[in-house]
Amino acid sequence: MSDIESFIRRLPKAELHLHLEGTVTPATLVELSRRHDAAPITLPEAEALYHFTDFNGFLLAFKAVSERLLTPADYELAAWRMAQRLAEQGVMHAEVYISVGVIYHWRNPDPDCFDPIFAGLERARLRAEIELNLTLYWILDAVRHFPLDETEKVFHKAAQLHASHPSVVGIGLGGDERRCGSEPFRAMYARAKEAGLRLTNHAGETTPPQAIWEALSIGSERLGHALSAIDDPQLMDHLKVRGTPLELNPTSNVRTGVCPSFAAHPLRRYFEAGLLVTINSDDPAFFGSALASEYLLAHTEQGFSRDELRELAANSIRASFLPDVTKRSWLSQITEAH
Ligand SMILES: [Zn+2]
């Protein structure tokens, strides 16, 4: 491991844009397939599935994983493996999207079907806290292009769980932005806020800046991707003045073809403009990304110095939904990391 890699490993950092389903590796997929399929898929087959070259291939891989994440034990296994990989990279806190919208749409429309799954996730979370010194928060994610009443169920479930489990910290919206913006969710976001949930939103990944304005207008606090903000100087100013945290995912954007290369990603320009940027891995098993390698690529492809990497790590704490007292403690440890 090079000097810079071990520095990145030692730097305490948070991952804020990570989909549990997207952390399932080919090996874990084979293990899940053995549990559920009459003719389980082999490791070479699973690996081939992950070697997609376009967005459709990505969707097929995502579906193959989702179809085999069925029982509470499956979710517990996936979350535990995810936690182990995060801890190996020096991640001390992660806020993880769980695609509850997919569960309701593809598997079971009963809102309470998520409760036993959530119990499995919580077992993994508590184990990670004790054995790995890693804290996890959950963000329940809906799919924007599925029927509105399904999103309503996801957000309602989030509010219900949040009341008894502070680990359910917020809600999010993923899915196809080109088919559905943010406006239809205005009232649902207002209710989620009233329930004490934090509001995230995927915006401007495959859509123009207008989609980001729209996401902000319904109260989204933290934005996923925000790739197209670079095309709108007024929006850049607005994001800076408001200090809106951005969950950037450079490697993901390269792999899905919305950005030509890591070097061309607006990360550096956002950072220099004073935006509150964080880097994240999104769906690491699918994109061959990992939080530590995003930091390394920021160094090799965009010339981020050690101090600038330290600033990115500090941003990940500032942009997190951790309590202020915990933030202060991590921020001082980041200052001391060498
Ligand atoms: Zn995402």
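## Close-up views of a predicted model

Seven bridges tie strand β2 to strand β3 (residues 135-143), and the two run parallel. Residues are numbered from 1 along each chain as its sequence is written, and side-chain values use heavy atoms, with hydrogens and water left out.

View 1. Helices (H or I, at least four residues) and strands (E, at least two) are DSSP runs, numbered from the N terminus. Two strands pair if DSSP finds at least two bridges between them. Strand β1 (residues 13-19) is joined to β2 by five bridges, and this pair runs parallel. Look for Leu18, whose bridge partner in β2 is Val96. Then find Glu95, whose bridge partner in β3 is Tyr137. Strand β2 (residues 91-99) is mostly covered, with nine of its nine residues buried; here buried means under 20% relative accessible area, exposed over 50%, and partly exposed in between (1.4 Å probe, protein chains only).

View 2. Donors are N, O and S atoms within 2.8 Å of the metal (3.2 Å for Na, K and Ca); water is not among the atoms, so sites may look incomplete. For the zinc ion, the protein donors are His17 (NE2), His19 (NE2), His202 (NE2) and Asp282 (OD), at 2.1 to 2.6 Å. Along the chain, these donors follow the spacing H-x1-H-x182-H-x79-D. The arrangement is irregular because the four donor atoms subtend angles of 84 to 172° around the zinc ion. For reference, four donors count as tetrahedral if all angles lie between 85 and 135 degrees; four count as square planar and six as octahedral if opposite donors are over 155 degrees apart and all others between 65 and 115; anything else is irregular. His17 counts as buried because its relative accessibility is 0%, and His19 counts as buried at 8%.

**View 3. Asn253 and what surrounds it.** Asn253 sits in helix α12 (residues 250-255) and is buried, with 0% relative accessibility. Its side chain makes a polar contact with the side chain of His265 at 3.1 Å. A polar contact is a pair of N or O atoms within 3.5 Å; within protein, one must be able to donate a hydrogen and the other to accept it, and residues adjacent in sequence count only if both atoms are side-chain atoms. Leaving aside neighbours within four places in sequence, Asn253 is in contact (heavy atoms within 4.5 Å) with Glu205, His225, Leu227, Val258, Cys259 and His265.

View 4. His225 belongs to strand β6 (residues 222-225) and has a positive phi of about 80°, although it is not a glycine. Ala226 lies in the loop between β6 and α11 (233-242). Its phi is also positive, at about 45°, and Ala226 is not a glycine. His225 is buried, with a relative accessible area of 0%, and Ala226 is buried with a value of 0%.

**View 5. The largest nonpolar core.** A nonpolar core is a set of buried Ala, Val, Leu, Ile, Met, Phe, Trp, Tyr and Cys residues joined through side-chain atoms within 4.5 Å. The largest one has 108 residues, of which Phe114, Leu309 and Leu312 touch the most other members. Helix α5 gives the most to this core, with eight residues.

**View 6. Glu308 in helix α16.** Glu308 is found in helix α16 (residues 306-318) and counts as partly exposed, at 21% relative accessibility. The side chain of Glu308 reaches the backbone nitrogen of Ser305 at 2.9 Å. Residues up to four places away in sequence aside, Glu308 touches Arg268, Phe271 and Gly303.

**View 7. Helix α2 and the helices it packs against.** In helix α2 (residues 26-36), the buried residues include Pro26, Leu29 and Val30. The buried residues of α2 pack against α3 (43-50), α4 (55-66) and α5 (72-88).

Definitions and conventions
Predicted model: local features only at pLDDT ≥ 70, side-chain atom pairs only at ≥ 80, totals over all residues.
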